[in-house]
Amino acid sequence: MSSISKVAVAGASGNVGPVIVNQLLQDGFKVTVLARKGSSHSFPPSVTVTEVDYDSPDTLDKALEGQDAVVSALGYAVLPKQIPLIQAAIKAGVKRFIPSEFGGDAENEKTALLPPFQPKKATADFLKKEAAAGNITYTLVSTGPFLDMGLKIGLFADLKDKSIRLWDGGDRPFSSTTLASVAKAVSEVLKHPEETKNRNVFVHSATLTLKGLLERLKKATGAEGWKVETPSLSETLQRALADLEKGEINRRGFIAVAVWGEGFGGHFRKVDNELLGIKELSDAELQGLIDAVAKEVR
């Protein structure tokens, strides 16, 4: 495959999109941001901003002309918009498409059946079908939950309230990656097109358990006053499914099952860190990150 130099990024103003854009620029890629009409966001001056309407294929076709790759960082609410984006990429002759995965094992069948993850599975299945026909290539990037962001937004624990849920006891290992390393993995995939062609790549910054994380959080915030619950993931899944029948989506419940549930692929036993230049955090670096986030949040 010839080299990739021009990259279009969808969802560049979300949680991970800006970090990806900055990493791509740092690594010398020519970046075009696909901005939805009417949106107002500022990007580095070297970025080309093209307005698109995901419900208007013509705007997508025009925006992707001459692009070598598309990176999607679209958020949960608009994940289905990736299908027309892929169709436009194929029409424009784009070589590589990286969909908005950036979570647990992108090909784990148990996770794929959970309602919030079904749009991701539909996208991956569509990409695999088109790749098999020789129309495009793809890479799925599995990262686990974002380590620094997860600490800040209370996914792992509430640092302000000093409370944590040790799902199923908190002994199950899980993989997690910093936003910076997620962005680096994306950029490195585009630098290694043959080695990452039509497959799922796995990276992580650390392998943790919630029990181990709690001990590190105690070091960062003080051991006193922590409130600990040990909820059941099977019961959480049943409640989330019951809520769904009532029209309520308990995303946090489903995410907890995907990250910490047995057999849901939250722990990456084999990773592509070496290929993609992703450094695993040392104990001291991990504690330093946790200390810094705790100081910022509290």
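Tutor: Start with strand pairing: two strands pair if DSSP finds at least two bridges between them. Helices (H or I, at least four residues) and strands (E, at least two) are DSSP runs, numbered from the N terminus. This is a predicted model, where local features need pLDDT of at least 70, side-chain atom pairs count only at pLDDT 80 or more, and totals for chains, interfaces and linings use all residues. Residues are numbered from 1 along each chain as its sequence is written, and side-chain values use heavy atoms, with hydrogens and water left out.

Student: Which residue stands opposite Val-7 in E2?

Tutor: Val-31 does. Lys-6 likewise faces Lys-30 of E2. E1 and E2 run parallel and are joined by 5 bridges.

Student: What is the strand order of the open sheet of 7 strands?

Tutor: Read E3-E2-E1-E4-E5-E6-E10, with parallel pairing. The edges are strand E3 (48-52) and strand E10 (199-202), and each pairs on one side only. From one strand to the next, the twist averages 25°.

Student: How many bridges pair E2 with E3?

Tutor: There are 5, in the parallel sense, and E2 covers residues 30-36. Ala-35 stands opposite Glu-51 in E3.

Student: Which strands does helix H1 lie across?

Tutor: First, contact means heavy atoms within 4.5 Å. For directions, axes are lines fitted to C-alpha atoms, for helices over the stretch in contact, and angles run from 0 to 180 degrees between N-to-C directions. Helix H1 (residues 17-26) lies across strand E1 (6-10), E2 and strand E4 (69-72), at about 160° to E2. Helix H7 (residues 179-191) lies across E1, E4, strand E5 (96-98), strand E6 (137-142) and E10, at about 165° to E5.

Student: What is the order of the open sheet of 3 strands?

Tutor: That order is E7-E8-E12, with mixed pairing. Strand E7 (157-158) and strand E12 (227-229) are the edges, each pairing on one side only. E7 and strand E8 (residues 163-165) run antiparallel, joined by 2 bridges. Ala-157 stands opposite Ile-164 in E8. H8 lies across E7, E8 and E12, running at about 170° to E8.

Student: How do I check the span of a helix?

Tutor: The expected span is 1.5 Å times one less than its number of residues. Helix H12 (residues 283-297) has 15 residues and should span 21 Å. Its end C-alpha atoms are 21 Å apart, which agrees.

Student: Why do the buried residues of H12 line one face of the helix?

Tutor: Look down the helix axis; the arc is that of the directions from the axis to the C-beta atoms. In H12 the buried residues are Leu-286, Gln-287, Ile-290, Val-293, Ala-294 and Val-297. They fall within an arc of 130°, so they line one face. Their cover includes helix H6 (147-153), strand E11 (206-208) and helix H8 (210-221).

Student: Which exposed residues does the other face of H12 carry, turned away from its buried side?

Tutor: Ala-284, Lys-295 and Glu-296. Lys-295 counts as exposed because its relative accessibility is 73%. Lys-295 and Leu-159 are 136 residues apart in sequence, but 9.4 Å apart in space, C-alpha to C-alpha.

Student: What makes a nonpolar core?

Tutor: It is a set of buried Ala, Val, Leu, Ile, Met, Phe, Trp, Tyr and Cys residues joined through side-chain atoms within 4.5 Å. The largest here has 34 residues, and Leu-114, Leu-151, Phe-156, Leu-217 and Trp-260 have the most contacts inside it. The elements giving two or more residues to this core are H6, E11, H8, helix H9 (233-245), helix H10 (251-260) and H12. H10 gives the most, with 6 residues. A second, separate core of 31 residues includes Val-47, Val-71, Met-149 and Val-186.

Student: Where does Phe-102 lie?

Tutor: Phe-102 is in the loop between E5 and helix H4 (109-112). Its phi is near 50°, a positive value in a residue other than glycine. At 7% relative accessibility, Phe-102 counts as buried.

Terms used
Buried means under 20% relative accessible area, exposed over 50%, partly exposed in between (1.4 Å probe, protein chains only).
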